[in-house]
Every structure is written in C-alpha cells, then in structure tokens.
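Please consult the sequence and the structure shown below while reading.

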Amino acid sequence: MAGLFAATWRREFLLSFRRKSDLVNPLIFFLMVATLFPLGVSPEPGFLSQLAPGVVWVAALLATLLSMDALFRSDYEDGSLEQLLLSPQPLFVVVLAKVLAHWVMTGLALTLMAPLLGLMLFLPAEGMPGLMLSLLLGTPTLSLVGAIGAALTVGLKKGGVLISLLVLPLYIPVLIFGSSAVQAAVTGLPLGGYLALLGALLALALGLAPLAISAALRISISS
Amino acid sequence: MAGLFAATWRREFLLSFRRKSDLVNPLIFFLMVATLFPLGVSPEPGFLSQLAPGVVWVAALLATLLSMDALFRSDYEDGSLEQLLLSPQPLFVVVLAKVLAHWVMTGLALTLMAPLLGLMLFLPAEGMPGLMLSLLLGTPTLSLVGAIGAALTVGLKKGGVLISLLVLPLYIPVLIFGSSAVQAAVTGLPLGGYLALLGALLALALGLAPLAISAALRISISS
Amino acid sequence: MPRWFYQLASPRWCYQITGSLLPWFTGAALLLLIGGTIWSLAFAPADYQQGNSFRIIYLHVPSAILAQSAYMLMAVAGAIGLIWKMKVADMVLKSAAPIGASMAVLALATGAIWGKPTWGSWWVWDARLTSMLILLFLYLGVMALNSAIENESTAAQASAVLALVGLVNIPIIKYSVEWWNTLHQPATFKLTEKPAMPAEMWLPLLVMVIGFYCFFAVSLMLRLRNEIIWRERRTGWVRELLKKQ
Amino acid sequence: MSFNSFSEFIAMGGHGIYVWLSYGLGLVILAANWLVPKVSRDRLLTEQKRRLRREEEAR
Amino acid sequence: MSEQLLTVKGLFCERDDRVLFSNLNFALHAGEIVQIEGQNGSGKTTLLRILSGLSRHYEGDICWRGEPVDEVREQYCRELLYFGHQAGVKAVLTPEENLRWYAALSPSINAHAIADALWQVGLRGYEDVPCHSLSAGQNRRVSLARLYLSQAPLWILDEPFTAIDKRGVAAKEQLLLQHARRGGSVLLTTHHELGIQGPVRKINLDQLAGTST
Amino acid sequence: MSEQLLTVKGLFCERDDRVLFSNLNFALHAGEIVQIEGQNGSGKTTLLRILSGLSRHYEGDICWRGEPVDEVREQYCRELLYFGHQAGVKAVLTPEENLRWYAALSPSINAHAIADALWQVGLRGYEDVPCHSLSAGQNRRVSLARLYLSQAPLWILDEPFTAIDKRGVAAKEQLLLQHARRGGSVLLTTHHELGIQGPVRKINLDQLAGTST
Ligand code: HEM
Ligand SMILES: Nc1ncnc2c1ncn2[C@@H]1O[C@H](COP(=O)(O)OP(=O)(O)OP(=O)(O)O)[C@@H](O)[C@H]1O
Ligand SMILES: Nc1ncnc2c1ncn2[C@@H]1O[C@H](COP(=O)(O)OP(=O)(O)OP(=O)(O)O)[C@@H](O)[C@H]1O
Ligand SMILES: [Mg+2]
Ligand SMILES: [Mg+2]
C-alpha cells in the first residue's frame, strides 16, 4: 500500500513535469491576479495593502478551483481511471496520493509564492507569516474538497464543469477563516484561533474526503 | 461563404448549449469573483464600491482568458481541426465565426451580467453605462487576441497553456482603458476618449487577428 | 428495521399512501396559508419601528425555515438511498431539491425587498443573508448535478454524495459566516425562551410556518408521485394504473 | 383589523410596494410549486399511455 | 469438466429504452476462450464492462468461482485483467513509465518483467519515447504489454487487436492460446476472424437483442 | 493508361532521427485503389498526412494532376476527402449534426443526402442520439458516412475499418470499388486483408524504411 502510494505520487509528478502546463498554470494565474490588480484597480500602495489579504486568498482559492477539474479528467479520457477502479488495491490510497500530489503542485506552490504576491500588493511584512501559515493549512482542504467535485463530474460529457458550482459553497468557510487570519496578522491580533479552525477543517476533510471521492468516482464511472 | 459562416456559428452554439459548461463557466467564474470578493476582502459597501470598476474588469479579463484555451482544443483532439484545415473554404471565415460565437457566449454574456456584479459590489449607478459600454467594446478584442494564443498552443502536448503568458501582455492595454473608462464614468468625467481607444483596438484586432489565427493553426497542426 | 421502513422502500406502497394523504395535506395547507395570509396582512399589528413592512416576516421566516429543513430532508434521503439502496429515497432527494431551492429564492427575495425599507439597501453582506445565498448555491449544485447525469440511479447516487457533503458543511458555513459578519435579527423562536414578540404578532407567524410545512409536503408528494410513475413505468402495477386512468 | 380603509390597506403605510411585491412573489412561487408537478403529471400520464398503446399495437 | 470461473445468469441490460440483451446465461470455464460476437452497437462493450464490474446497470446474477461477484469484489479484481476500448496509456509518459504504474496497481503484475514485455510487443528501442510520438498501433501495444506481465487468470479484452498489424495479431493470438493452456480463461470481442485453433467458443449477441422480457 | 492524379517523387521523411521512408516514388491513377502496407510504426499515417497536406515535414515533390500540390492547394482540397485516425466526430452532437457541419465545410458534400448516408452506414434510428452514447463502431460509422456523401475524386483513408463489424467492412469495400469504377481513386491503409477483387495495388513501407539516404 505504501508502494502504491509512492508509485502514484511519482507518476503524478512525472505527468506534471512533462506537461508543465498543469504545473505552472495555477501559479501563473496567481501571479496574473497580482499583476492585474494594481493595473485595474488602483496602483496606490495604501489602498492595495488593505486589499492584499483578501486578494491573495481569493486568488489562491480560484487557482485551486480552476486546476481541480483536470485532476481526474485526463485519467478518465484515456482509460486509466477504469484501470484504477479495477485495481485490487484500496482506492482511497491512490486517491489520497493523487490529491496530495496535486496539493504539493498547486497549494504548496501557491503558499511558497504567496510572499511574492504579498510584496507586489504591499502587504505589510507582519502579515506574511500569517499569510503563509493560513495558506499552508487552508489549501489542502481546498484540494480535498475540490477533488470531491472533480470526482462527481468526471463522467459528464455535457454539463462539464459544474465543479465550480458544486464546490464553491464548500470553499467559503476556508476563505473566511483564511483571510481573517491574515487580516488579524496584519493588525497584530492573535491568529491562533483562526489557524486552529483551519486545522480542524483540514482534519475533517482528510478524514471524510477520500471516502467521498472514492465513492463518487465509482458512481461516475458506472454510468 | 456566408453559408459556412452560418453553419459554423450554428455548430458552435449547439456545442455550447449541449455541453453547457463552456457556456456558463465564464459566467460562473464572473459571479464567483463577485461573491468571493466581499467575503474575502471586506463586506463594507464604501470600500467595495471603490474596488468595483477594477474588480469587474479584472474578472472579465480572467474569465475570457481562462475560456480561451478550450476554443480549438476539443476540435484538435477529436480530429475536427484537421478536417477544417483541409476544407477548400477560406479558413479565416470559419475562424472568425468561431471567435465571434465564442465572444457572444463569453464576452457579450459577461457584459450583460456586469450590472448584476456592479450591484453586488455596490458600484454607483452612474458607473453602469460606462461599465457596459467599455465591456462591449473591450471583450471582442480580448477574444480575438486570445484566439491567436489558443491557435499557437493548440498542438502542444507538453508545455501546454503558455497561452496566458503569450496573451496577457496584449490584454493589458484593454484592461487599462476599460477600467479607466468605468472609473471616469463613476466620477462623472467624460469617457468618450477611452471608448474611442477601445474601439480602435477592436478595429485593429478585427483586421489582423483572423489572419494570424489561421496561420497559427496551420503551423500548429503541421508539427 | 421496522416493517414500515421496508414498505416505504416499495414505490408502489409509497404511491398509494401518498395518494391517500394528499387531500388531507392539501386541505390543511390551503386553510392555513389563506387564513394565515389574511391574518398577517390585515389583522396583525404593525411593528412600532418598521411599520407595515414588518408584514413581510410572515413570508420571509417560513420560507427561510423551510429552505433549511428541505435540505435536511434531502440529505437524509440521500444517506438512506446510498446505504440501503432504496429507490424511493432517491426519488425524494430529487423531488425535494427544487422545492427547497424555490424556498431559498423566496427567502432571499423577500429579505432583499424587506432590506430596502429597513436597511436602505437591497443587499448587504450579512451573515444570515450570505449563508442563505450559499444554501441556494448548494441546492443549485445538487439540481445541476442531478440533471447533468443522464442515468437516473447514477444521478441519484451522485447527488446524494453531494448533498451529504453539503450537510456536513452547513453548520460550518453557518458558523463561519455568522462569526464573520452579523447584522441580522437573532432567532425569534427558541425552544428555551419565550419569543420577544407579542403573541398577536407571532401567532400568525406560527400559522404560516405550519402552513408552509403542509404545503411543502403537498408539493413533495406531487413531485414524488410523478417520479415514481416515471421510474416504474415498465412495471406491471404502473401499466395497470395507466390503463385504469 | 389594523387598517381603517381599503386604500390604507393597499398603501401599507407607505410600504405598499414592498409588502405587495413580497406577497405577490410568494404567491407566484407557491403556485409554481403546485402547478408544475400537476402539469408535468398530466403530460407524463398522456405520454406513458401513448407509449403503452404503441407497444400493444406493436405486439 | 474444468472449474467454472465466471457464471452469468439471467443477465438483462437496456440502454435508452433499447434492450441490449436479456436472459443471457453462460459460464466461462478455466482454459476456455470465449469470443463475444455481434454487430456494432449490439452491446459487446456494455457486457464486458458489466462483467468487469465497471458498470452496474444490469439485472441478473454474476458469480465468480460460485460466489456473487459483489461479495468477492476484491478477490475478483485481483484475478482480473481488463483491457478496454481506451488503452489507458498516458501520452506524455514513456511506455516503460506507463507499465510501471500498472505494475504498482495490480499485484499480479511483475514489475521486473517490464523491459521484457516491451520487447515482446515489439517496442524495443521505444522504451524512452513519450507515447504521444508513437504510432497508433504502438500505443495499443504499450497497453497490450500488460498481457505479458499479468498473472491474472481471467482476461477480459475489448477489441484488443485494433490498430495492430498482422504479425502482432498472430503473436497476441498465440499468447491467448498459451494463457488458456495454462488454465486461464479469456473473454474477448473482436471484429477480426480469430485464427486460433483451440478451445474457442462464440457467443453471439445479435440473436439476444430485442427479445424483450 | 488513365490520368495520373497524384504523383510522388523522391519523398523522404524522418522522425526523431529515424528515416521512415526515403526516395519514395509512386503515382496514383484515376480508378485505382492503393493500399499502403507496413508494420505498426512504419510511417503509414505519416505518409498519408504528408500527402493530404496536413504535415510539411518531408522532402521531395508531390504533384496533383501534374502540378505541385502547394500551388494548387485550394483545388486539391476541393478534390480530396481525408479520413484520419481521429474520426472528427463531436461527442455531444448527433450524427446528423456532425454530418451537416461537414457538408458546410466542403462543397463537394451534398447536404441533402445526409439522412440517406446515415441509413447506408446502418445508423438509421440513431440520427438524434448524441454520439457519446453510440458504440465505438457506430462513432466511426458516423464519420464514414462522409464517404457516401462525397463527390471528391481522391480519397485518403487511414485505417477506415477500425472497430467496424464484418458486414460493415464488406459494405465499405464495395463502396471503395464503386468509387474506383466511377473514376475516383483511393489511397488507404488497413491492417485488415482487403477482400476487393479489383484494381488494388499495394505499396509496402517496410522495405523502404531504414534505407537511409
Ligand atoms: C436577502 C435578505 C435576507 C435573507 C437571506 C434573510 C434570511 C433569513 C433567515 C435564514 C432567517 C432565519 C429563519 C429561521 O431559521 O428562523 C431569517 C429570519 C428573520 N429575518 Fe431575515 N433575511 C434577510 C433579510 C431580512 C431583513 C431585511 C429583515 C428585516 C429587517 C429580516 C428580518 C428577519 C426576522 C425578523 C427574522 C426572524 C428571526 C427568526 O425568527 O428566526 N431579514 N432571515
Ligand atoms: N508526433 C510525432 N513525433 C515524433 N515521432 C513521431 C510522431 N508521430 C509518429 N512518430 C514516429 O513515426 C513513426 C511512424 O508513425 P506512424 O503513425 O506514421 O506509423 P503507422 O505506420 O501509421 O503505424 P500504425 O500502423 O501503428 O498506425 C513511428 O515510429 C513514430 O514513433
Ligand atoms: N453511455 C451510453 N449511454 C446510452 N447508450 C449507450 C451508451 N453507450 C452505449 N450505448 C448504447 O448501447 C449500445 C451498445 O453499445 P456497445 O458499446 O456495448 O456496443 P458494441 O457491441 O461494443 O459495439 P462496437 O462493436 O461498435 O464496439 C449502442 O447501441 C449504444 O447506442
Ligand atoms: Mg465496443
Ligand atoms: Mg497509423
């Protein structure tokens, strides 16, 4: 089982590095938002720094959401997903490996890039640790919950990316706790509470999402 | 040739209505941004109304950009694009029909939805006509320019969506003129100048883009 | 498992029992809704602060309560459908979604209309409002997923998974949003306390709430019966039924 | 009765449009929830009866 | 008579109100090759997907070694190799990387034999070429290499010979025969005339279609 | 001898440093059926894509009715029907909608005959079913229906018989023969043994491969 986990993990990384677009797309999107905001809204540092916590979090959320649809789609289209479902190994292991690999390549990468965005949007330096910590705890939840949506919609020929509609409502608590944590960090308030909440959400998602994803995949394929 | 244009147009609409996701995705994205901003940044009407012109324009730009990649990809993957290139009819007619259909389903739809976003973000009522006019003139340019990027990247197995990188610099003038027009409208300044500039960009794009797109498609396919 | 549970699982039994329950519920719903409306519009006293715009509460609160209850029902039906593979539960899920969604729309619309005279704006980003909006999105998601999947049983299972995931999230959403921004009135009816409103104000409200529940039952049964006929169209008893009609 | 005249009832103390808009909307939504299943039931039954007849003729 | 591996009783399936097969009964014994025949659209793929457990849209009973397949799902998956219309080959991975992933997925596949299997299917020299620059047939061969790796007794193959050249087809037919001789069994569809002299049985779906319950 | 439609002189192509064919010379006459043979990966698809004008990675001359094909591109496209590995069928459209679009694309296709063509390829009753709920063979048939619609003299077909059942293959072979009799010509690849009694010529790419310039 550990072997399967490692093999899936390796394969996902290989795929991303070969295709590259999957890898850099969310990051480019993230950067784009940071570049477009000053251009479109206002270049004033004071104003931007007020916006920064929210904008970074909204951008991270959207970047994750947009990358979610591809998680199972290409496997579905080339038939690998069928093979996955027919494997005697427990499905949730593979699923968890895929989601975690996805997280490392989007969520973690976004987290590491966040200080750059913070800088570009004049986020006060005190906010940075809060930003990174909240993203670190929040983005895995986004990936896990998003994967449920991806699994539910993977078999659809039409009506495709319902995924945003399905997943967005579920993302909102993470957004609220996450951006509040950053705002708290900026104003010097304690942010332990928010981080604890984000951690609790993550624990819940880690416990329940793999089961939901596996069930959803089986349901989607069987049609 | 008019027949071909009409047939392509009809097909694109059929495809979108059947798949639905292509149709509503940009709109959902647009709405999502409008919902997430108050949640992530701040729910205060005064603050939001300052943000509104820029946010709506950035959202429209991102929505268009994200929908661009699909323009030729599915045709490429199922072999329709080959058939298109082998047609004795002039390629740019089909291309123009495709891009215009795409615009109607994203750009025009975004324009019509913009007042709703304006309301949700408390954009002052005086800004609305400016918002809609600038979007009406700006989004076709976005679609045309984006299609060049889509055509250049369609054949790539790896390195995929460079498209954002290719296209973004070309989008920036549109964003600047567009959001300035809205801001001018909000503050009661004349916006004719900005609109004229947007119109000029559109005329330029309409003249040059179809040729560039056709050439790019031939190059992408022949590899 | 008690016997009625297995009976419920039989679409045929379900069709019959809803057939005999329908007239009662329809009568009750009509009576309560008409009576409640007249009472609330004409007889209930105006609020000393909000004046007559207060009368919107008699639509607003029942629809808001129902929008939430309908989601519970949907998720419970989804769970039963997934665990015991019960067809009727699948059908209940599918039937409840549009009714719940329309109730959420009504709550949002009446709230927005009410907001204009009281808060001076159609929409504010307040906790109750936002969470009701999110609830509407959850409904729309379930409905969209259900209609996007062609195969009925696949659609039902997928929607059930989504409804359950949403159910887990509802308290989280509610809590997070509430804590994030609150402008809205706190709850009127609480089990532990007496309502703050005078009786002549909350009595019609109670009537309307019960009326809405009865109406929900009627609408649900109507949809459920259609669904049963459609899904069971090939069975002998539906053929018999069709011939008799 | 908390109103003295019919026109007062309609005016609702200046909040007439809000109240009547809400109740109108409420009526529309409730009616739709009752009518839609009714209509679709009629359609469903005729369709299915037609199908039955078709199948019997085919036999 | 040899052991009954797969038993199908009263299988019924319809799609879009069209009955594909009803009351389908057959048993697959160890050492047997069964070819499902039928026109395009007669339901061969649907049947194979049902038997492999991918699709649940059926009525009737499917048993594996005498027990309902739903109850022994894991055991069944362990003993099954399914080859679908879609080859399950990732275009950006090389043949070797593709197979290594399959080896990890099913314990019955022997990871060390990968190079050998690629050699057997004629992909020697292409181990490190990404699959998107292989020809159509070569892509199918990558997936077919799983047959050389597998130890699973039951093979369910949906048009395995598509896009394969004549020499390749002959080699694969020999492989199926060997598998049957070793006591495995094969359930396959193909529109190609099988050249196997051996224990081949045919089931024709065309005769079963349309006969409503 | 009848008119030379397509003339190929000294064609050379390599992919990834591997020569697929070099100094390939042949002519295609009106009324002729030419089958390109070769193992998987021998370059058949590559050759057909070059000849149809989709790929430019070659050296040598290709002439259409005596003139370099690049100079008469539009004329050539008008007289060509190309059928590739990818069928070019949109999954969410119905067979009829798919064909209607092809009719608009090439003027040589007769739009009114669509229903008839679908009937010919055995898709009667499926006109309004979206292609994603058709079987693999039925999907190919949708694209093959173009053969019944086309008035183009040159047909370039890359494995047209994939996934088609035996009856369907026989019908398509008859169609090719008819086309040749009417003075058209066909260039095709297939791994299947052609059952056509007639003007079939074979070109084997295996012998040409590897012979570097
Ligand atoms: C779009 C706007 C609004 C939405 C979505 C909304 C939503 C809700 C919800 C979800 C409830 C809870 C019902 C329950 O569970 O008990 C509620 C109750 C209530 N709302 Fe609103 N509301 C909105 C606007 C307003 C406005 C403008 C007012 C008046 C100023 C108002 C007054 C009330 C009152 C008095 C209650 C009763 C509290 C209770 O008994 O629980 N609402 N609303
Ligand atoms: N896009 C590509 N990039 C690089 N090499 C390629 C590409 N496509 C094909 N090749 C190589 O060219 C060779 C010929 O491929 P081609 O598809 O023409 O073969 P084919 O004769 O059609 O085979 P098949 O019978 O399998 O269809 C193959 O060996 C393949 O490795
Ligand atoms: N997803 C689907 N939804 C609805 N109907 C479907 C679906 N897939 C297949 N069908 C229908 O089921 C029938 C059988 O399809 P199937 O793919 O099993 O045929 P097949 O025997 O494998 O044909 P082929 O030889 O072309 O591969 C077809 O008529 C098709 O229309
Ligand atoms: Mg098949
Ligand atoms: Mg080929």
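How many helices and how many strands does chain E have?

## Fold and dimensions

Chain E, examined here in a predicted model, has six helices and nine strands. The C-alpha trace of chain E spans about 55 × 35 × 30 Å along its principal axes.

## Packing and surface

Of the 213 residues in chain E, 61% are buried. When contacts between residues at least 6 apart in sequence are considered, 69% join residues at least 24 apart.

The accessible surface of chain E amounts to about 8,400 Å², and carbon and sulfur atoms account for 46% of that area. Chain E carries 22 positive and 24 negative side chains; the centres of these two sets lie 5 Å apart.

## The magnesium site

Which residues coordinate the magnesium ion (ligand 4)? The donors are OG1 of E:Thr45 and NE2 of E:His85, at 1.9 to 2.4 Å. E:Thr45 belongs to helix α1 (residues 44-52), whereas E:His85 lies in the loop between β6 (80-83) and α3 (95-105), so the pair ties together parts of chain E that are 40 residues apart in sequence.

Key: Residues numbered from 1 in each chain as written. Chains lettered and ligands numbered in written order. Predicted model: local features only at pLDDT ≥ 70, side-chain atom pairs only at ≥ 80, totals over all residues. Heavy atoms only, no water. Helix = DSSP H or I, 4+ residues; strand = E, 2+ residues; numbered from the N terminus. Buried < 20%, exposed > 50% of the residue type's maximum accessible area, 1.4 Å probe, protein only. Contact = heavy atoms within 4.5 Å. Areas by Shrake-Rupley, 256 points an atom, 1.4 Å probe, with all protein chains shown as cover. Lys, Arg positive; Asp, Glu negative; His and termini not counted. Charge placed at Lys NZ, Arg CZ, Asp CG, Glu CD. Donors = N, O, S within 2.8 Å, 3.2 Å for Na, K, Ca; no water.
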